[in-house]
Amino acid sequence: MWASPTQGSPISLAWLPTGTQLVLHIRPHALDIAGELDKVVAALGPAAADGTRWLKQTAGVELRDLESITLGLRPASKFVPEWSVVLRPRASFAGEVPPPFKSDAQQSSGGVTTYMADKSTWVIASSGLFAELTDLDGSPPLLRRELDSLLAASDDQRQITLLTAPSFLFGEGRELLAGQRKPLGERLVPMLPDEVKGLCLSMNWDDNYFVELLVAPTGGTKSREIAESYAEQVANWPSDAEEAIIGLSAGEYGRRVVARLPAMLRLLSRYTRTDFERTHAVLRCYLPKPAGHSLLMAAELMMAYKSSGPGTVVAATTPAETPTTLAERLAKSTSLSFDRDTLEMAIKFLSDDSGIPITINGGDLQLDGITKNQSFGIQVENKPVREILVEILRLANPDKTATAANDPKQKLVYIVGDNDTLMVTTRAAAAKRGDKLPDVFVAE
């Protein structure tokens, strides 16, 4: 196993909110000393440039004058996560405290709150959670067990570290993988099966480029098995990249960069070593120093060329008139698209979008051995809500031999309840109660 180039302490999450499910820790000044800051920002494309401009406008400080930036995201309503950013200036920073942080009191503007915890700790957060942060007063937030174990294995001396839960990326945080980043989300689906509950990716540049991936499995999966699975995946990356770039439309410069990606990934695969600890699998790789920003640039360009436009999670086509009756709402066209999520979340997405209260009778499902937490993916565009609901139940049906909604082997159905509500239940439970099924579930 390759030795770590750094020997730091776990990353501090002070001033991040409880329930944080994504942490991005960056050490800009260290990257600048290594001569990689500008290269990494350029490699990551427009998103990194926009973030740098936002930081300057909001905090009044240059990226290279910061010792560290720690971003924390947690689930919130309407797929817009609540967030907090903690800035720590480098020790030799000659500038004064930037104006947004000069007041001892918090200052709010445009849904963003700035606060100076002390002269070396500046906090920017979405205003809705700031009262909670001040109550914590810098105490570490509570995390999920899997993330807590990965945090303990993290190293605050690495220049870039990303810690997250896959369920957040594919669930409440799905907007992070929309638009140009949609191809990344599609690539992550096979890499992050249900057995993976957390991951920590870190990178460091000195004389060489070092990258490490820690993967925390579920309690029933051994970290040794995850390590072996990921070693096999990394070995397949070069051929996967070759398939992905076939027929890719790109400019001359971009085409040359992307064309080198398979060769880069062969080196990555060749020099990757795997191991495992009690709580997580470990993959480490050393490459020549320029390989880091080159890989990031090729991957970013690949996503840009493969992206066909903004990704959709739940996007309704607005009708000329707002539907009022249940029949009108069920006839309204909408779209539902995700790579992997649970039956429970799929029903929630459709319920929120259509305005129809839809519930799941968990007790009925349990009697038939069906769980509402099973995972599947769906891609349906501009279809009536009633058709999308039937498609969800078809995908979640345990008997995959069912040929149609009215097939007796289609166990999952829905019924119409009081006050224009819908309830997902089973065919057997509905028959036992004498519930009337919609025509789509009734055999001819």
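This is a predicted model: local features need pLDDT of at least 70, side-chain atom pairs count only at pLDDT 80 or more; totals for chains, interfaces and linings use all residues.

Me: What span should helix H8 have?

Reply: Helix H8 covers residues 223-245, and at 1.5 Å a residue its 23 residues should span 33 Å; the end C-alpha atoms are 32 Å apart, which agrees. The expected span is 1.5 Å times one less than the number of residues. Helices (H or I, at least four residues) and strands (E, at least two) are DSSP runs, numbered from the N terminus.

Me: Where does H8 bend?

Reply: H8 bends by about 40° at tryptophan 237, and proline 238 follows within four residues. The bend at a residue is the angle between axes fitted to the seven residues ending there and the seven starting there.

Me: Which residues of H8 are buried?

Reply: Among them are Ile226, Tyr230, Trp237 and Pro238. Buried means under 20% relative accessible area, exposed over 50%, and partly exposed in between, with a 1.4 Å probe and protein chains only.

Me: New topic: how many aromatic pairs are there?

Reply: A search of the whole structure finds eight aromatic pairs. Rings of Phe, Tyr and Trp (its six-membered ring) pair if their centres lie within 6.5 Å; planes under 30 degrees apart count as stacked, over 60 as edge-to-face and the rest as tilted. One of the pairs is tryptophan 2 with tyrosine 286, which is edge-to-face at 5.9 Å centre to centre and 90° between the planes.

Me: Which parts does that pair tie together?

Reply: Tryptophan 2 lies in the segment before strand S1 (22-26) and tyrosine 286 lies in strand S11 (residues 281-288), so the pair ties together parts that are 284 residues apart in sequence. Trp2, Phe210 and Tyr286 form one aromatic cluster.

Me: What lines the second largest pocket?

Reply: The lining has 18 residues, of which Ser167, Lys197, Asp341, Thr342 and Ser375 lie nearest the centre of the pocket. H6 gives the most, with four residues. By class, the lining has five nonpolar, six polar and seven charged residues. Ala, Val, Leu, Ile, Met, Phe, Trp, Tyr, Cys and Pro count as nonpolar, Asp, Glu, Lys and Arg as charged, and the others, Gly among them, as polar.

Me: How is a pocket defined?

Reply: On a 1 Å grid over the protein atoms alone, a pocket is an open set of points where a 1.4 Å probe fits, with protein on both sides within 12 Å along at least five of seven lines; lining residues have an atom within 4 Å of a point.

Me: And where is phenylalanine 170 found?

Reply: Phenylalanine 170 is found in helix H6 and is buried, with a relative accessible area of 7%. The C-alpha atoms of phenylalanine 170 and aspartate 341 are separated by 6.7 Å, although these residues are 171 residues apart along the chain.

Me: Lastly, what follows H13?

Reply: H13 is followed by glycine 355, whose phi is positive, near 80°.

How values were computed: Residues are numbered from 1 along each chain as its sequence is written. Side-chain values use heavy atoms; hydrogens and water are left out.
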